[in-house]
Structures are given as C-alpha cells and as structure tokens.
Amino acid sequence: MSLNIIKADTIIEQIQRLSPFQKKALVKMRLTKVSDILRHFPVRYGESGLVKAIEFLNEGDNAVVFGKISKLKTTKTFKSKIAISTAEVEDSTGKVKIVWFSQPYIAKMFFEGSLVRIEGRVSAKKNKLTKTKTISDSEARVSEELNFTNPKIEKVTQIPEGTSGSLFAGSEGDSHNLFPVYPESRGISSNWIYHTIQKIISRNVLDTLKDPIPQEILKKYNLPSLKTALIWIHAPRKKENAEIARKRFAFEEIFFIQIDRQKEKFIAQRENSFTIEKEAEVKDFVKSFPFPLTSAQDKSIKAILNDFKTGHPMSRLLEGDVGSGKTAVATAASFAAVSTLPPDRKFGNLQVAYMAPTEILAEQHFESFIEYFSKYKIPIGLITGSGAKKFPSKTSQGQSLKCPDPKGLSLAWTKISKPQLLKWVANGEIPILIGTHSLIQKTVKFKNLAFIIIDEQHRFGVKQRMSLRRKHDIAPHLLSMTATPIPRTLALTIFGDLDLSLLDELPPGRQIPETKIILPHQREEVYKQVREELKSGRQAFVICARVNDPDPDKENTLNAKSVKSETKRLQEKIFPEFNVGSITGKMKPSEKADVMRRFSARGGSASGGKDKKIDILVATSVIEVGINVPNATIIIIENAERFGLAQLHQLRGRVLRSSFKPHCFVFADSKNQKTISRLKSFTIAKNGFELAEADLQQRGAGDLAGAKQWGVSDLAMEALKNIKMVEAAREEAKNLIEKDFELKKYPILAKYLAEKNIVHME
Ligand code: ADP
Ligand code: MG
C-alpha cells in the first residue's frame with residue numbers, strides 16, 4: 001500500500017485494503033475519508049477488552065492480546081468425541097495457549113503465522129508435575145500453563161503500535177489503559193476501526209488538521225486542541241483524558257449547531273414579511289370561542305401578534321403540554337393573517353399554511369378550523385396523501401361532524417381534486433390550507449403566504465422548516481408547536497433560533513387523570529372498573545410496547561405484550577361484549593385514518609360517543625401525538641417500564657380532554673424497585689417538562705421521546721445534562737455571529753461549517 005502522505009480528505013481505501021462488502025458498509029456508515037473516521041468516536045472504553053502484553057497476563061484476567069498464531073491443531077477427546085482446537089499466540093513478550101471446544105472450524109479459519117486479536121478470560125491449567133509441590137511465585141508462573149478458553153478471535157492486519165510496548169501495555173503491565181469500543185456495522189468491526197484509526201494517527205495526519213474552534217474559546221473553557229482531543233478520545237491513557245476529549249467534541253457539536261441557529265435568526269431578522277396588525281379583530285374573534293382563553297393562551301397570542309407587526313418574520317416555538325390548547329392559539333393567529341388584505345389590494349386575504357405530521361391530525365385540524373371559523377365563511381382547504389377537501393361546500397358531501405350545522409349545508413365540506421385545490425390556493429381563493437408533508441411539495445404554490453404553522457414540530461427536521469420558509473420571496477411568519485416536553489438544554493440547542501412561548505397551564509376544569517400503578521394481581525379489578533366505564537359509554541386506549549409477538553424461537557426476547565395478541569385476548573377473553581380495534585405505526589396512513597374515524601365518537605363528549613364503532617383501541621405509542629377523542633377516558637399502559645417518563649405523560653394526555661373523569665392505569669411488569677419508584681414519580685408529577693428533565697438525568701438523553709429525530713449525536717446528548725456548557729456554547733455562538741456574521745476572521749471555522757452542511761444536505 002502506498003506510503004503517500006495521509007491527509008484529512010484522503011480516502012480510507014487508499015490506506016486500508018477494503019473488500020467490496022466493507023466498502024459498502026463504510027459508505028453506509030458515512031465513513032469514506034480520513035476525517036470521517038477520525039470523528040467516528042468510541043461509544044465506550046472496554047473494561048473487558050484490556051490489551052496486554054502476553055508476559056503480563058495473569059490467571060483470571062479478562063484480556064486482549066495481539067500476536068501471531070501458530071501450532072493450529074484440532075483433535076477429538078477420547079471418550080466424548082468433542083472437537084478440541086488448540087493453538088498458540090505469540091507476541092514480542094511471550095506465548096500463550098488457546099483452546100476451543102466444539103469449534104473445529106476455527107483452526108481452518110487461520111493460517112500459521114496470521115496476526116490475530118484474542119479476547120477472553122485467562123485461566124491456568126495446573127501442571128501435573130508441580131501440583132503437589134510447594135513452589136515460589138515465580139516458579140508458579142512457569143509451571144502453570146496459562147490459556148484462553150473459547151476466546152473471541154479475529155484476524156488483524158497488523159499489531160497495533162505499542163501493544164507490547166508503549167501504547168497500551170506499560171512496562172508494569174499497565175492496567176489503566178483503555179481499549180476503545182466503536183459503533184460497528186456488519187463487515188466493519190470495532191477492532192477494524194480501531195486499527196485503521198491507529199494507523200492514521202501513526203502517520204502524522206493529526207498535525208495537518210486545523211482546529212475549527214477558535215483558539216480563544218478553547219482557552220477560555222479549558223478545552224483540548226483538536227489534535228490532543230483526537231488522541232485522547234481514540235487512545236486514552238486515562239479515563240479523565242477521554243472524558244475531557246468527549247467534552248470538547250460535545251461542546252464543538254453544540255457550538256456548531258448554535259452557530260447555524262444564530263445565523264438563521266440573524267438572517268430572519270433582516271428578511272421582510274407581511275405586516276399584520278389585527279389586535280382588535282382577534283380580540284373579538286376569540287370571544288366567539290366556546291370558552292375563555294387561559295392566561296397562557298392569551299399571553300402567547302399577544303406575543304405572536306406583536307411579532308406580526310414588525311415586518312420581519314416571526315420564528316416562535318409554542319410549547320404546551322397535551323391538551324393545553326395550542327390549536328386555539330394557532331387559530332387566533334391564523335385569523336389575524338387571513339383577515340388582513342394583501343398589500344395594495346382591496347380584497348383577498350393573506351394566506352396560512354398549517355402542517356401536521358399525520359393525516360389523522362391534519363383531518364382533525366381541518367375539522368377544528370371549520371368549527372372555529374364557521375361564522376366567517378373563510379374557505380379552508382385540506383391536502384393529504386389521500387386527497388383534498390374544501391370547506392365550505394355548496395353540495396354537501398361531509399359535515400363537519402364536530403359542529404353540525406342545524407341548517408344543513410353551510411358547514412359542509414366537499415372532496416375536490418388536488419389540482420383544483422392547488423389552483424385555488426395559487427390564485428389566493430383559499431386562504432387557509434391544512435395538510436401533511438404534501439404542503440411542502442413543489443406543486444403547492446401560494447399567492448400570498450404570510451404565516452406557516454407547524455404542528456408537533458419535533459417531527460419535522462430543521463431543514464424541512466427552512467425549506468418551507470425559503471421558498472417564498474416574502475418570508476412567512478413561522479409558528480412551531482410541540483407537545484413533546486423537552487428539557488431546556490435541548491430546546492436551547494435545537495430550537496436556538498426560535499423565540500419561546502409556553503402554555504404552562506391547562507384549561508380550567510380539566511381533570512388530571514387519576515394515575516395508578518397496577519401490579520399483576522390487580523389486573524382483574526382494573527378490568528372490572530374499565531367494564532363499568534365502557535358500559536356507561538366511555539372508550540379506552542390500551543397501549544402496548546410492541547406491534548407483534550416476539551419470535552417464540554428466540555428465548556431471551558423480552559416478553560412485552562404486543563398489539564396483535566393483546567387485541568385478540570381482550571376481544572375474545574376479557575371484553576367480548578365490546579368492540580376491540582387496533583392501530584399501529586406500521587399501518588398505511590389511510591388504514592390508520594379509517595380506524596381513527598371508527599374510534600372517534602364524533603359529536604364530541606357531549607354526544608357521549610354514540611357514533612363510535614370501536615370501544616377499546618389497542619395501540620402502540622403512535623397515538624402519542626395529538627389525537628383528540630374526548631369520549632376516551634381510560635388509558636391502560638402495558639409494560640410501562642419500557643417507556644420514558646415524558647412519553648408516559650404524553651400518552652396520559654390522550655385522556656385528558658373531556659369533562660368525564662379520566663383514568664390512567666400503568667401496568668408494570670417489573671419488580672425492580674428503581675423502575676417502580678420512577679413510575680411513582682410519574683403518578684405524582686403533573687407537568688411534562690419536569691418529567692423530561694427527570695428522564696434526561698435518570699435514564700439518559702437517548703430515552704427522551706423522539707431523541708433520534710433531533711439529529712444530535714449521542715455524545716452531544718450526554719452533554720445536554722450540562723446546562724452550563726450549553727449556555728456557554730450558545731453565548732459564544734451568538735457573540736461570534738453578531739460580531740462577524742460571515743466568519744471572515746475565522747476562515748477555518750467557516751470552511752468547516754460549509755463542508756459539514758453540504759454533507760448534511762445530501
Ligand atoms: P393541544 O395543545 O394538545 O394541541 P388542543 O388545542 O387540541 O390541545 O386542545 C384540547 C382541547 O381543549 C380542545 O378540545 C379545545 O377545544 C379545548 N380548549 C382549548 N383551549 C381551551 C380553554 N381555554 N378552555 C377550555 N377548553 C379549551
Ligand atoms: Mg395539538
């Protein structure tokens with residue numbers, strides 16, 4: 001292989017021979033260049049994988065050795081005919097014996113003299129001759145034959161530098177040394193990554209790298225340079241070094257995200273938007289609501305109306321627990337927009353786009369908007385994957401069922417073709433368009449789009465959010481809404497460009513569900529209670545952690561209840577007199593919508609749900625987001641120990657919308673005290689944000705609902721426990737952008753961010 005100089009952008013293939021399979025795996029892992037693999041960080045450092053020189057092996061060690069394999073041999077035991085393979089591995093300090101039972105193929109996989117990595121426990125076979133003698137320690141070393149029994153063995157291309165010398169095994173058989181364990185994929189083992197990185201490091205590539213974090217910031221926060229941090233993260237001598245290195249990379253990631261967000265904010269502040277000034281009109285409009293606003297809703301609406309007046313685009317996040325009434329806020333803001341004339345015009349309206357993550361939710365918002373806007377005769381369109389609808393309709397096809405119109409026609413919607421709907425949206429005749437992702441397709445053009453609402457914001461990526469806004473010459477105002485309670489540090493990071501409005505109170509009279517932890521022997525009792533509720537016309541959700549039953553052949557798969565078998569069991573054995581239905585994330589959108597239609601007892605809680613076709617809906621956590629079925633007052637959560645606290649809270653929110661008394665039964669299969677006490681904190685807590693913080697601290701960021709979708713690495717997620725670090729990164733990013741928006745004084749940083757963003761856009 002060539003010994004040319006390796007640089008950050010050298011292709012890995014130029015330094016390491018790759019099979020086609022490995023090549024594919026690396027592409028999938030997005031590891032193609034030297035700089036990529038250097039930033040492929042260990043997930044942990046293997047205690048079990050202590051690399052040692054052979055001469056320092058002791059009986060009982062869990063150790064890794066590297067060496068040359070020889071004397072490969074397979075025999076069978078005399079009596080039981082078990083295959084025994086033996087070999088010897090040698091490094092520059094000594095030899096050790098390896099034994100495998102019943103794995104005769106092993107001897108065939110390696111050639112005499114192959115380089116291998118051996119990992120396993122070291123045991124000693126007492127030498128018969130010395131067994132009865134009293135011997136000194138040093139003699140014992142000689143007379144005991146050390147061996148690895150059934151160890152893991154892997155071929156390696158070279159012995160990592162210093163394995164039997166400096167790097168890992170110090171002269172005293174150093175046990176502080178840590179062996180990094182990397183995220184793997186088929187064909188690319190942790191070990192392979194390790195060796196490749198060591199090879200890269202040994203060829204002085206680190207000296208060619210330029211640190212994207214400005215020097216003064218490193219100094220200020222006492223963070224290691226890029227070069228030091230890379231060595232410390234990939235080949236730490238001490239745990240503390242690895243930790244400091246991780247801290248640096250976590251800071252770096254958050255800092256870079258913050259720079260992007262602060263930039264967005266900076267740009268947005270300079271763009272122009274439609275000016276909307278409708279305070280008095282909105283005041284009247286909300287008076288038509290069937291309820292008074294909570295003061296949190298009032299405050300949020302005022303904040304939005306203030307933003308609307310500035311002539312620059314609003315970027316606001318509305319965070320509110322489930323049931324806190326975000327739709328009402330969105331509706332009031334929409335009213336302000338659609339009752340504004342386009343500039344220099346005598347008629348027409350500014351337009352609103354309302355994007356929901358699922359068809360079910362889009363349909364629900366469509367219905368809500370019809371209800372809220374019924375008096376105003378403002379046309380509303382709905383566009384989803386399965387079709388288009390328009391309100392009002394002259395020919396009645398479907399009623400807004402939430403709010404049946406006594407006179408018949410005026411509240412009806414009609415199905416229309418998508419092209420027709422899009423035509424009306426494009427010429428401005430339909431001022432409000434509600435929909436799913438279909439809204440951001442190229443074919444959707446507005447005449448005067450002034451305001452975009454994104455519901456359940458965390459389901460959409462930042463890029464989607466940006467693309468939605470960037471399509472337009474005049475930047476629309478943007479309201480993102482989320483019910484996912486997220487910790488403050490995470491909100492500051494991923495929504496760093498947004499201003500925040502909190503709906504931190506529920507509408508009055510809302511009953512917090514009575515939440516009970518149910519132990520296995522209390523199950524029957526709960527079913528009895530549920531039966532009574534169902535008899536009086538209420539409905540129930542049953543949440544299961546999995547869709548299907550685990551493979552019965554696989555023994556140690558956890559036996560959590562599945563939607564499939566639980567639906568069957570409840571229908572046949574427990575509630576034969578009621579209708580049990582099911583819904584999972586795997587179903588097609590149209591199937592899901594159909595189930596929801598049959599479950600929704602249209603007519604609201606007042607009707608007592610008399611139109612329902614399903615009494616009990618068994619579901620996965622797909623119902624987590626936004627479903628509004630006021631007649632459903634019971635939620636049973638099976639295997640609750642498998643859900644994060646914030647997620648449980650969201651699930652509980654599904655039964656929080658009615659005037660009937662709601663119940664939440666938490667079935668826990670675990671006797672683990674820690675689990676039970678965690679669940680107890682859920683029965684007490686009333687606020688999702690508190691629970692999200694608790695999740696972050698107790699279980700780690702990976703357990704936050706939807707954590708993966710935020711596009712933050714596990715490393716940075718860990719750092720989110722540290723509010724000081726997040727605030728520092730934000731502060732520095734803000735300063736930098738304010739002082740030097742184009743990063744002219746920081747060319748390395750500018751270049752780095754530009755390249756990073758190109759990769760992200762791919
Ligand atoms: P979310 O914040 O979860 O999206 P919604 O907007 O769907 O909540 O509102 C939940 C329910 O509360 C709806 O039925 C809505 O009509 C009702 N609601 C909203 N605001 C109020 C209020 N101020 N007082 C009483 N009920 C309200
Ligand atoms: Mg909602």
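Which residues of helix H17 (residues 563-574) are buried? In this predicted model, local features are described only at pLDDT of at least 70 and side-chain atom pairs only at pLDDT 80 or more, whereas totals for chains, interfaces and linings use all residues. Residues are numbered from 1 along each chain as its sequence is written, ligands are numbered from 1 in the order in which they are written, and side-chain values use heavy atoms, with hydrogens and water left out.

In H17, a DSSP run of H or I with at least four residues, the buried positions (under 20% relative accessible area, 1.4 Å probe, protein chains only) are Val 563, Glu 566, Thr 567, Leu 570 and Ile 574. Viewed down the helix axis, these buried residues fall within an arc of 110°, taken from the directions from the axis to the C-beta atoms, and so they line one face of H17. Lys 564, Lys 568, Glu 572 and Lys 573, on the other side of H17, are exposed, that is, over 50% by the relative accessible area. The buried residues pack against helix H16 (523-535) and against strands E21 (539-543), E22 (580-583) and E23 (616-619), with contact meaning heavy atoms within 4.5 Å.

Ligand 1 is surrounded by 17 residues, each with a heavy atom within 4 Å of the ligand, and the closest are Gln 297, Gly 323, Lys 326, Thr 327 and Arg 510. Among the polar contacts (N or O atoms within 3.5 Å), an oxygen atom of ligand 1 lies 2.8 Å from a side-chain N or O atom of Lys 326, and an oxygen atom of the ligand is 3.0 Å from a polar backbone atom of Gly 325.

Methods: A polar contact is a pair of N or O atoms within 3.5 Å; within protein, one must be able to donate a hydrogen and the other to accept it, and residues adjacent in sequence count only if both atoms are side-chain atoms. Helices (H or I, at least four residues) and strands (E, at least two) are DSSP runs, numbered from the N terminus.
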